[in-house]
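Reader: I am new to this structure and would like to learn how to read it one feature at a time. Could you take me through it slowly, with the general idea placed beside each case?

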Amino acid sequence: MSNEPTSADLTVHDGEHALPERFEDPGLGPHVARVGDTDPAAAKRSERQVVAMFGLSVLGTVGFLVAYFVVPADGTVEGVRLSNLLLGLGLFLAMFSIGIAAVHWAKTLMSDHERVEARHPQRSDAATREAAVAVLQEGAKDSGIGRRGVLKGAVVSAVALAPLSIAVPLIGEVGGDWNVSKFRHTVWTKGRKLARDPNGTPIKASEVTVGSVFHVIPEGLEEEEHWIEEKAKAVVLMVRLDPAVLKEAPERKDWSYEGIVAYSKICTHVGCPVALYEQQTHHLLCPCHQSTFDMADGAKVVFGPANRALPQLPITVDDEGYLVAQSDFHEPIGPSYWERLK
Amino acid sequence: MKAIAARRHHRFAPAVLLALALLLTGAVYAALAPSAASAAAPSESDIEAGEALFQANCATCHGPSAEGRDGVPSLIGVGAAAVDFQVSTGRMPMQMNGPQAMAKPPQLDEEQTRQLAAYVASLAPGPAIPTAEQVDTTDADPANGMAVFRTNCAMCHGAIGKGGALSEGKFAPDLSGSTPTQVYEAMLTGPQSMPVFNEANLSPEDKRDVIAFLEEQQAGSPGGTDLGAVGPVAEGLWVWVVGIGLLIGLSVWIGAKSS
């Protein structure tokens, strides 16, 4: 085989086959008659089909009404399900059958001859245009806007300022909350007890056995102002790990208590609650985008799109053996944001 | 016999007969009924039978004295609850290695499971199999169960306990086929990837409420099919493939010329 191009590979543009300057509108093709146009039996059949579809719709409506009166939603799961199913089927048959009947009727029985309606020119004729300009000019002259300068200034000012009553509140609402520091802090403070989510009872260190997982909120959370927002920032996941597998950075040695570690439950990727804790691997999986954190190794990212470890809550125990926070988190919780420094 | 017959009209005869009948009933009951004591504390013979079953079915992996080895957990101190959960759901004895032990038809019958649990419980104290009262949901509060389930369980098992995916081929199983005892045992012992929810974390009442919440889900969805109740993936697939597909099909039909 040779790689030389042969004449068959080349498209020849000679004078005869050159592309035209402008394609002609090919217009409509020849009209093709439908079976029903020539065969009365076929037309009759189509008619019967359309009638059957409308009939189906009537049946659907009757079925809906029967279901409404005979099968009331009695409050049990089975009753509500059956009622929903029958009402839905009836409604579907009633509406959908009308739709397909109308389309089938139009397609098979109504005229299908193609018609062309050319657009009329949009430009008005010269006399109309001149008359319109004359009316405008007369109006401007009558208002005297050309010679009354103060009036002109007043109307321009009023019209220009009026939108401010819409724009100022709109922009004001957008810019109403510039308190960025609230993203840096949660309600955790020194000595605040760790409590169970959702019932709010404090947790003793002795209750957290190896392999356990506790979903934690600050004690007395519901007394906070905007407590749901505060909960969204302060939720913590706490586990107790075998000291043999727990790796801790030297500066964080005293942030845990006998293998009990507490980390923010808010993913550093986009802020989903990370709570799928796999006890055997100590991995914590985020259900949204599969970021995976190693609870035994500072909650560092081992898989997925998150790029920072979960912030750790320093904890200790009080005199009665209850777990308490040593302080707030030492870094902002949750995903990155503009003002976050790192 | 003549002497007895002569005294059958004695005025103490009914009392004596009644006393004899009561004694007889008591003796028959004691001989036939399973005593509460033997159910709570398994006999030596149960433990021996359990050890034989252990050596035959479990010792290959868990070791002859249940000490475990690398990658296989020790069974000392896991308690009867862990054995009953793993064996009654068919997860153990394990059929093959994989991301996690799969549930399958139980390999040992109830009696053998009880004996095996008795043997493992005799090695060291551990969580016991919950009693019938502990899993009785007659007075339970399913609303509290829902709150507890939502915080502690729903992230893995899904909003109504139909299961969900974990990492690397592991998954949280569907809970609709689990018995109340198995659900209780799983919370108590934390099988495989699942963490432990001890009695101090979720109180026995909380656990009972969770079971009641799961029982309420057995009635199904009032809105019709729930598409597996596994969340937006199944629902999105249905809408985008079936729903949009139907719309496209109808559009093509409306636009096509009739023959």
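This is a predicted model: local features need pLDDT of at least 70, side-chain atom pairs count only at pLDDT 80 or more; totals for chains, interfaces and linings use all residues.

Reader: Is B:Ala66 buried or exposed?

Author: B:Ala66 is buried, because 20 other C-beta atoms lie within 10 Å, and 20 or more is the cut-off for that class.

Reader: Where is B:Leu227, and what is its phi?

Author: B:Leu227 is placed in the loop between H11 and helix H12 (232-255) of chain B, and, although it is not a glycine, it has a positive phi of about 50°. With 14 other C-beta atoms within 10 Å, B:Leu227 is partly exposed.

Reader: Which peptide bond that ends at a proline of chain B is cis?

Author: The bond that joins B:Met92 and B:Pro93 is cis, with omega about -5°, and B:Pro93 lies in the loop between helix H6 (79-88) and helix H7 (110-123) of chain B. In chain A, the peptide bond from A:Asp197 to A:Pro198 is cis, with omega near 10°, and A:Pro198 is found in the loop between strand E1 (194-196) and E2.

Reader: What radius of gyration does chain B have, beside that of a compact globule of 259 residues?

Author: The globule would have a radius of gyration near 18 Å, but chain B has 28 Å. Taken along the principal axes, the box filled by the C-alpha atoms of chain B is roughly 115 × 55 × 40 Å. Buried residues make up 31% of the 259 residues in the chain, and, of the contacts in chain B with a separation of 6 or more, 68% are between residues 24 or more positions apart.

Reader: How many residues of chain B are in contact with chain A?

Author: There are 26 residues of chain B in contact with 29 residues of chain A. On the side of chain B that touches chain A, the elements giving two or more residues are helix H8 (142-152) and helix H9 (154-157) of chain B, and H8(B) gives the most, with three residues. By class, that side of chain B has twelve nonpolar, 13 polar and one charged residues.

Reader: Which residues have the most contacts inside the largest nonpolar core?

Author: In soluble globular proteins, nonpolar side chains tend to be buried together. Here the largest nonpolar core has 85 residues, and those with the most contacts inside it are A:Leu194, A:Leu237, A:Met238 and B:Val120. Leaving aside residues up to four places away in sequence, A:Met238 touches A:Leu194, A:Val208, A:Phe214, A:Val216, A:Ile260 and A:Ala262.

Reader: Is A:Val245 buried or exposed?

Author: A:Val245 is exposed, because 12 other C-beta atoms lie within 10 Å, and 12 or fewer is the cut-off for that class. A:Val245 is found in the loop between strand E3 (236-240) and strand E4 (260-264) of chain A, and, not counting residues up to four places away in sequence, it touches A:His282 and A:Ala296.

Reader: How do strands E7 and E8 of chain A run, and how many bridges join them?

Author: Strand E7 (residues 292-294) and strand E8 (residues 300-303) of chain A run antiparallel and are joined by three bridges. A:Phe293 stands opposite A:Val301 in E8(A). The hairpin of E7(A) and E8(A) has five residues between the strands, and in this hairpin A:Gly298 takes a positive phi near 65°.

Reader: Into which domains is chain A divided?

Author: Chain A is divided into domain 1 (35-108) and domain 2 (184-325), and the C-alpha centres of these domains lie 57 Å apart.

Conventions: Residues are numbered from 1 along each chain as its sequence is written. Chains are lettered from A and ligands numbered from 1 in the order in which they are written. Two residues are in contact if their C-beta atoms, placed from the backbone, lie within 7 Å. Helices (H or I, at least four residues) and strands (E, at least two) are DSSP runs, numbered from the N terminus. Ala, Val, Leu, Ile, Met, Phe, Trp, Tyr, Cys and Pro count as nonpolar, Asp, Glu, Lys and Arg as charged, and the others, Gly among them, as polar. Two strands pair if DSSP finds at least two bridges between them. Domain bounds come from an automatic or database domain assignment. A nonpolar core is a set of buried Ala, Val, Leu, Ile, Met, Phe, Trp, Tyr and Cys residues joined through C-beta atoms within 7 Å. The radius of gyration is taken over C-alpha atoms; the globule rule is 2.2 Å times the number of residues to the power 0.38.
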